[in-house]
Amino acid sequence: MFDLRELSTPLLAAPMAGGPSTPELAAAVSNAGGLGFIAAGYLTADAFAERLLAAQKLTSAPVAANLFVPQPSAATPEAITAYAAALESEAQRYGVSLGAPRFDDDHWAAKLDVVLDLRPAVVSFTFGLPSAEERRRLTDAGIATAGTVTTLNEARAASDVGVDVLVAQGPSAGGHRGTFDATAAPSEESLDDLLAALTANLDLPVVAAGGLMTAGDVGGVRRAGAVAAQLGTAFLLADEAGSSPVHRAALQDPQFTETAVTRAFSGRYARGLRNRFIVEHEADAPFGYPEVHYMTSPVRTASVRAGDPHAVNVWAGTGFRKAGTGSAADIIATLVGGD
């Protein structure tokens, strides 16, 4: 069974669904002594398998995978209908039709089968946890398991299921918050406090995540007891990342000065650059993941196609201004050995 404490470079490239996480990025991070992830979210099981296999072929080092755990829908038909009406002007602006809102489980069972077949070193979970039986199947296959948690209560639930590692996600993280209850306001407990609570109360190794951008950040969480640091935004501008040209440009555009936590794009809380879409629609956005995700998808795609960063989710953590360019290996070199 792989142990994260054996990494020569205690860094994980966070799984970033929707494009940024590529086989090339995962392999480059693993080749540099860290651990790269393939993000299964939004992919079909076959596409996920192709990407995971491609990453494994690009490195002899361990690679990891991340799965979205399905949760009950929080959507109501009335709220979805009202939000669709509010978004009709966006669809007209970009010359598209809104997507049909629908619920699915992100091909959960099929993706578990892919993991059991291809056997990455680690599989992490976001939005919830596998069942104890599913976790046992993974353990029996020699796959280490990691639960993404945002509170001590979530961490205790992960421990009860039997995961090997906790990934403590602080409030500065970019992209979706890993909060188990999709309707709960995300915890504002600082990463430092969350890390302290987990290491004091649970006998599991903890990876720190959320807002870590510099060698000083990495060194700080390591000294506080984390076995490794997980960074996502820090790799968005890497040569190997699949970030779109619009995403890359926006991260470096001085017109964007802050991030916001929003439900406007997906119906679930996530942090990204505060753009026009968030400003105009956050107040109307209902709970409803993945229904809202599917509904806004054509608008977001058209916004990228138009080179416009104002109607697409530009996921990023609060420290996005510190994101560096270059190869993943070059970025990692700036992140290790700091005080």
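Reader: What is the strand order of the open sheet of three strands?
Author: Strands (E, at least two residues) and helices (H or I, at least four residues) are DSSP runs, numbered from the N terminus. Two strands pair if DSSP finds at least two bridges between them. In this open sheet the pairing is antiparallel, and the order is S7-S11-S10.

Reader: What kind of model is this, and how are its residues numbered?
Author: The model is predicted: local features need pLDDT of at least 70 and side-chain atom pairs count only at pLDDT 80 or more, whereas totals for chains, interfaces and linings use all residues. Side-chain values use heavy atoms, with hydrogens and water left out, and residues are numbered along each chain as its sequence is written, from 1.

Reader: In what order do the eight strands of the barrel close?
Author: The pairing throughout the barrel is parallel. From one strand to the next, the twist averages 25 degrees; angles run from 0 to 180 degrees between N-to-C directions, and axes are lines fitted to C-alpha atoms, for helices over the stretch in contact. The strands close in the order S1-S2-S3-S4-S5-S6-S8-S9.

Reader: Which residue of S4 is the bridge partner of Ala65?
Author: S3 (residues 63-68) and S4 (residues 122-126) are paired in the parallel sense over five bridges. One of the partners in S4, standing across from Ala65, is Val123.

Reader: At what angle do H1 and H2 pack?
Author: Two packed helices are described by the distance between their axes and the angle between them. The axes of H1 (residues 23-31) and H2 (residues 45-58) lie 8 Å apart, and the angle is about 35 degrees.

Reader: How do the residues of the contact of H1 with H2 divide?
Author: Contact means heavy atoms within 4.5 Å. H1 contributes Pro23, Glu24, Ala26, Ala27 and Asn31, and H2 contributes Arg51, Ala54, Ala55 and Leu58. Ala, Val, Leu, Ile, Met, Phe, Trp, Tyr, Cys and Pro count as nonpolar, Asp, Glu, Lys and Arg as charged, and the others, Gly among them, as polar. The division is six nonpolar, one polar and two charged.

Reader: Which residues of H6 are buried?
Author: H6 spans residues 152-161. Its buried residues are covered by elements including H5 (132-140), S5 (144-149), S6 (165-169) and H7. They are Leu152, Glu154, Ala155, Ala158 and Val161.

Reader: What is the phi of Tyr42?
Author: Most residues other than glycine have a negative phi. Tyr42 lies in the loop between S2 (35-39) and H2, and counts as partly exposed because its relative accessibility is 29%. Although Tyr42 is not a glycine, its phi is positive, at about 75 degrees.

Reader: Where is His107, and is it buried or partly exposed?
Author: His107, although not a glycine, has a positive phi of about 55 degrees. Its place is in the loop between H3 (77-94) and H4 (108-118). Its relative accessibility is 40%, and therefore His107 counts as partly exposed.

Reader: What is the omega of the cis peptide bond that joins Tyr289 and Pro290?
Author: Most peptide bonds are trans. Pro290 is placed in the loop between H10 (276-281) and H11 (291-305). For the cis bond between Tyr289 and Pro290, omega is about 10 degrees.

Technical notes. Buried < 20%, exposed > 50% of the residue type's maximum accessible area, 1.4 Å probe, protein only.
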